[in-house]
Amino acid sequence: MNAPPVTWLYVPGDRPERFGKAVASGADVVIIDLEDAVAPVRKDEARRNAVAYLRARPESLGCQVHVRVNDPATARGRDDLAAVGELADAVRLPKVESTAVLEAVAGAPAYALLESAAGIVAAHEIAAHPTVAGVALGEQDLAAELSITDEQAMNHLRLQVVLAAAAAGLPPVPMSVYPDVKDEAGLLASCRTGRALGLFGRTAIHPRQIPVIRRAFRPGEEETARAAEIVAAAEEAERAGVGAVALPDGRFVDAPIVARARRTVALAHRLADPPHHPTDPQHHPTT
Ligand SMILES: CC(C)(COP(=O)(O)OP(=O)(O)OC[C@H]1O[C@@H](n2cnc3c(N)ncnc32)[C@H](O)[C@@H]1OP(=O)(O)O)[C@@H](O)C(=O)NCCC(=O)NCCSC(=O)C[C@H](O)C(=O)O
Ligand SMILES: [Mg+2]
């Protein structure tokens with residue numbers, strides 16, 4: 001399996017001069033938004049921008065490009081899907097509340113956004129649908145609908161989606177956006193909370209959030225050293241043909257702990273370097 005993305009960056013579909021900047025941010029996935037970031041009067045133009053960008057993008061862009069379409073239960077959403085479904089690396093479906101809306105989705109892999117009480121309640125069913133390649137929360141919509149003002153309350157909803165994704169064999173769930181683009185400390189703390197809940201990676205709305213998210217999800221030095229120790233002990237035991245693994249301090253570790261340690265070491269290596277900044281021919285810094 002390919003390593004799951006750590007950083008996802010939204011860019012409004014009606015700001016095509018920002019698409020190249022989004023790619024150059026080093027995000028693993030750039031999401032061109034046709035939904036809530038775009039005013040109704042600019043939605044046709046945003047769709048045209050997305051199509052033009054996707055048609056002209058080079059093969060070696062260095063990141064995936066997804067498109068968040070409008071609600072696929074509406075004519076606009078269906079037209080979005082028809083326009084970008086075959087061009088984007090994946091589509092994101094907003095406000096999914098049941099599997100009914102998924103039946104009509106074909107083409108690119110689909111990520112379902114669970115952003116309402118109904119969506120959270122149906123999370124297991126939605127995550128298990130064959131069309132769905134991943135699920136994520138839309139915490140701004142959820143907080144508005146449920147009048148949630150407290151992160152601990154949101155954590156209950158986050159855990160339900162983490163469970164639904166894992167039970168359906170989907171990739172780990174990335175965190176929803178952190179709306180205050182200037183609050184780096186708050187973003188970092190919130191990412192660490194999410195990481196402890198089993199969420200992995202985060203969706204950003206501004207390029208400056210990308211390095212903060214990478215830092216938050218990078219295993220710490222002590223954690224990495226401990227994981228490397230477990231991996232080394234497991235490899236030593238394998239060479240010696242011994243099943244049980246004991247660490248130098250006498251603690252035994254079993255297969256899931258070794259597997260997790262391997263993931264930690266791989267992630268520490270992956271996030272050690274600064275993000276890749278591809279040169280996008282459609283990026284015109286002066287525009
Ligand atoms: C949040 C913003 C509106 C802020 O815009 P602005 O004030 O213009 O930003 P800056 O002046 O700080 O910009 C500095 C430079 O960075 C570039 N920039 C900014 N944002 C982006 C971006 N998203 N992608 C690419 N490049 C970006 C600017 O062009 C400046 O560049 P330069 O001129 O060269 O210095 C804005 O950041 C923004 O629009 N963000 C995305 C908003 C969005 O897409 N929202 C939808 C997703 S949110 C969501 O999904 C919620 C969910 O549904 C839920 O319910 O939870
Ligand atoms: Mg939303």
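# Why these labels?

Mentor: Within the shell around ligand 1, β1 is the element that gives the most, with four residues. This is a predicted model, so local features need pLDDT of at least 70 and side-chain atom pairs count only at pLDDT 80 or more, while totals for chains, interfaces and linings use all residues. Residues are numbered from 1 along each chain as its sequence is written, and chains are lettered from A and ligands numbered from 1 in the order in which they are written.

Trainee: What makes a residue part of that shell, and which are the closest?

Mentor: A residue is near a molecule if its C-beta atom, placed from the backbone, lies within 6 Å of it. Around ligand 1 there are 21 such residues, and the closest are Y10, A37, G138, Q140 and D141. Two or more residues each come from β1 (7-12), α1 (19-24) and α6 (139-146). Those labels are DSSP runs numbered from the N terminus: helices are H or I with at least four residues, strands are E with at least two.

Trainee: Why is G138 called buried?

Mentor: A residue is buried with 20 or more other C-beta atoms within 10 Å of its own, exposed with 12 or fewer, and partly exposed in between; these C-beta atoms are placed from the backbone. G138 has 24 C-beta neighbours inside 10 Å, so it counts as buried. You will find G138 in the loop between β6 (132-137) and α6.

Trainee: What does G138 touch beyond its sequence neighbours?

Mentor: Leaving out residues up to four places away in sequence, G138 touches P94, L113, L114, E115 and S176. Contact here has a plain cut-off: the two C-beta atoms, placed from the backbone, lie within 7 Å.

Trainee: How do you know that S147 is exposed?

Mentor: Count again: S147 has 7 C-beta neighbours inside 10 Å, so it is exposed. S147 sits in the loop between α6 and α7, and its phi is positive, about 55 degrees, although it is not a glycine. Most residues other than glycine have a negative phi.

Trainee: Is K95, by its C-beta neighbours, buried or exposed?

Mentor: K95 has 21 C-beta neighbours inside 10 Å, so it counts as buried. K95 also has a positive phi, about 50 degrees, without being a glycine, and its place is the loop between β4 (90-93) and β5 (110-114).

Trainee: What makes a set of residues a nonpolar core?

Mentor: The members must be buried Ala, Val, Leu, Ile, Met, Phe, Trp, Tyr or Cys, joined through C-beta atoms within 7 Å. In the largest such core, of 65 residues, those touching the most other members are L9, V30, I32, A112, L114, V135 and V161. Helix α7 (residues 151-167) gives the most to this core, with six residues. A second, separate core of six residues includes A227, A234, A261 and V265.
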